[in-house]
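Visitor: I'm new to this one and would like to learn how to read it. Could you walk me through it?

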Amino acid sequence: MTNSRLHSALELLGWSAFFADQVEPAEADLVPRRVASVHRARIEAMGDTGSVRLELPANANTADFAVGDWVLADPLSDMLVRRLERKTVFKRRPEVGRAEQLVAANIDTLLIVTSCNADFNVERLERYLIMANQAGSKPVIVLTKADTADDVGAFQAKAEALQRDLPVVALNGRSDDAGSLLSSWCGVGQTIALVGSSGVGKSTLVNTLTKTDAKQKTGTIREHDAQGRHTTTARSLHAIPGGGWVIDTPGIRTLYVSDITDGIDTLFSDITELAPHCRFRDCTHAHEPGCAVQAAVKSGTLAADRVERWRNLVSENRDRTPVTSGPRGNKIVRKKKY
Ligand SMILES: Nc1nc2c(ncn2[C@@H]2O[C@H](COP(=O)(O)OP(=O)(O)O)[C@@H](O)[C@H]2O)c(=O)[nH]1
Ligand SMILES: [Mg+2]
Ligand SMILES: [Zn+2]
C-alpha cells in the first residue's frame with residue numbers, strides 16, 4: 001500500500017498530469033476542485049482545503065457538470081471558472097429523442113457487478129461493457145456471492161470470455177477480503193463506480209470498501225471527506241481507506257445502447273479484427289462468400305451466438321443514435337460546451 005502522506009491533497013483526490021496540463025499560465029491563481037455532488041441549484045466540491053460549495057456563474061447549468069468532474073475555481077470566492085476536459089465520462093440517453101444526460105466523470109474503473117447465480121446474464125454484461133468501453137473507463141467484472149456457488153470457476157470462465165483481457169474477480173462482498181481483492185483498482189487517487197442489477201450486492205461492496213479503519217485514517221482529505229454531508233444526494237464521491245474514491249449508485253439503469261462510437265468494437269474485437277480478412281470490404285458477415293467471420297464460426301473458434309449478439313447491438317445502436325450526431329459509420333463528433 002502506498003503511504004498517502006507522500007501524496008499531495010489534490011493527488012489524493014485524483015488530480016494528475018492529465019488535468020494539470022490543461023491549466024493555462026493565466027489560470028495560475030485559480031485552484032482545482034473536484035465535483036463531489038451535483039444538485040439542481042448547487043455543486044459541492046472538494047479541494048486541498050476540504051469541501052466547498054461552489055459559487056456558480058449566472059449562466060451556469062448544473063446539468064452540464066457530473067460527479068467526478070475537475071473544475072477550476074477562484075480560491076477567494078469559490079466561484080467556478082471552468083471545467084477541465086474529462087478523462088472519461090458516462091452519459092446516457094434516457095429515451096430516443098431526449099438529450100444525453102451526464103452520469104459521472106473521471107471514473108478510472110467501472111466495477112460491473114453480478115452474482116454467481118441466476119443474475120449472471122451475458123447479454124446484460126455485454127451492455128455494461130459497451131458502456132464502460134465507450135466512457136473510457138476500465139471494466140472489471142465482479143462476481144459476488146462466490147460463497148454461495150458450487151462452481152465459481154464456471155461463472156469466472158464465462159465472464160472472462162466476454163472481452164479480451166477483461167479482469168474478473170469472484171468474491172464475497174460481505175467479507176473483508178473483498179477490499180484486498182479489489183485493491184489494485186482502489187489505489188491513491190483512483191476512482192471507481194459500480195453498476196449492476198438490484199440485489200447483486202453493490203451497496204454491500206461499497207460498505208465493505210469504505211469501511212473506515214482508524215489506523216488508515218490519515219491525511220488531510222480523510223478528515224473532511226464527503227461522508228455524512230451529502231446523504232441526500234443520489235450520487236456522490238466516497239473515500240476508500242487507502243486512497244481511492246467510489247461513486248455510489250451511479251444510476252446507470254438504461255441498458256439499451258445508443259451514441260456508441262467504438263465501445264462495441266472494443267467488446268467484440270475478436271469479430272471486428274477478422275473483418276479485414278473478408279473478401280468484400282463492406283462484408284456484413286451474414287451471407288457473403290469469403291467471409292472470415294463466418295469461417296471462424298464454422299471452424300469453431302468463434303461462437304455463432306456471439307456474432308448474433310454483436311449484430312443486434314450494432315443495429316440497436318444505429319437505431320437509437322440520432323443521425324444528427326454524425327453520419328452512419330463515422331465517428332460522432334462530440335460538441336464541447338466548455
Ligand atoms: N452470501 C452473500 N450475500 C451477499 C453478498 N453480497 C451481497 N449479499 C447480500 O445480498 C443482498 C443484497 O445486497 P445489496 O448490497 O443490497 O445489493 P444491491 O441492490 O446491489 O445494492 C443483501 O442481503 C446482502 O447481504 C455476497 O457476496 N455473498
Ligand atoms: Mg443498493
Ligand atoms: Zn465477413
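This is a predicted model: local features need pLDDT of at least 70, side-chain atom pairs count only at pLDDT 80 or more; totals for chains, interfaces and linings use all residues.

Visitor: How many residues surround ligand 1, and which are the closest?

Guide: There are 16 of them, and the closest are Asp147, Gly173, Gly199, Lys202 and Thr204. Helix α6 (residues 202-210) gives the largest share of the shell, three residues.

Visitor: Which atoms of aspartate 147 and glycine 173 lie by ligand 1?

Guide: For aspartate 147, a polar side-chain atom lies 2.8 Å from a nitrogen atom of ligand 1. Glycine 173 uses its backbone instead, with an N or O atom 2.7 Å from an oxygen atom of the ligand. Taken on its own, ligand 1 has 580 Å² of accessible area, and the protein covers 74% of that.

Visitor: Now the aromatic rings. How do I read a pair?

Guide: You describe a pair of rings by the distance of the centres and the angle of the planes. This structure holds five aromatic pairs. Take tryptophan 15 and phenylalanine 19: their ring centres are 6.0 Å apart and the planes are at 25 degrees, so the pair counts as stacked.

Visitor: Is tryptophan 15 buried or exposed?

Guide: Tryptophan 15 is buried, at a relative accessible area of 15%. Phenylalanine 19 is buried too, at 2%. Both belong to one aromatic cluster, made up of Trp15, Phe18, Phe19 and Trp70.

Visitor: What sits over the ring of tyrosine 256?

Guide: That's the charged end of arginine 320, 3.6 Å from the ring centre. Likewise, lysine 158 has its charged end over the ring of phenylalanine 155, 5.7 Å from the centre.

Note on methods: Residues are numbered from 1 along each chain as its sequence is written. Chains are lettered from A and ligands numbered from 1 in the order in which they are written. Side-chain values use heavy atoms; hydrogens and water are left out. A residue is near a molecule or strand if one of its heavy atoms lies within 4 Å of it. A polar contact is a pair of N or O atoms within 3.5 Å; within protein, one must be able to donate a hydrogen and the other to accept it, and residues adjacent in sequence count only if both atoms are side-chain atoms. Accessible areas come from the Shrake-Rupley method with a 1.4 Å probe; for residues, only the protein chains shown count as cover. Helices (H or I, at least four residues) and strands (E, at least two) are DSSP runs, numbered from the N terminus. Rings of Phe, Tyr and Trp (its six-membered ring) pair if their centres lie within 6.5 Å; planes under 30 degrees apart count as stacked, over 60 as edge-to-face and the rest as tilted. Buried means under 20% relative accessible area, exposed over 50%, partly exposed in between (1.4 Å probe, protein chains only). A charge sits over a ring if NZ of Lys or CZ of Arg is within 6 Å of the ring centre and within 35 degrees of the ring normal.
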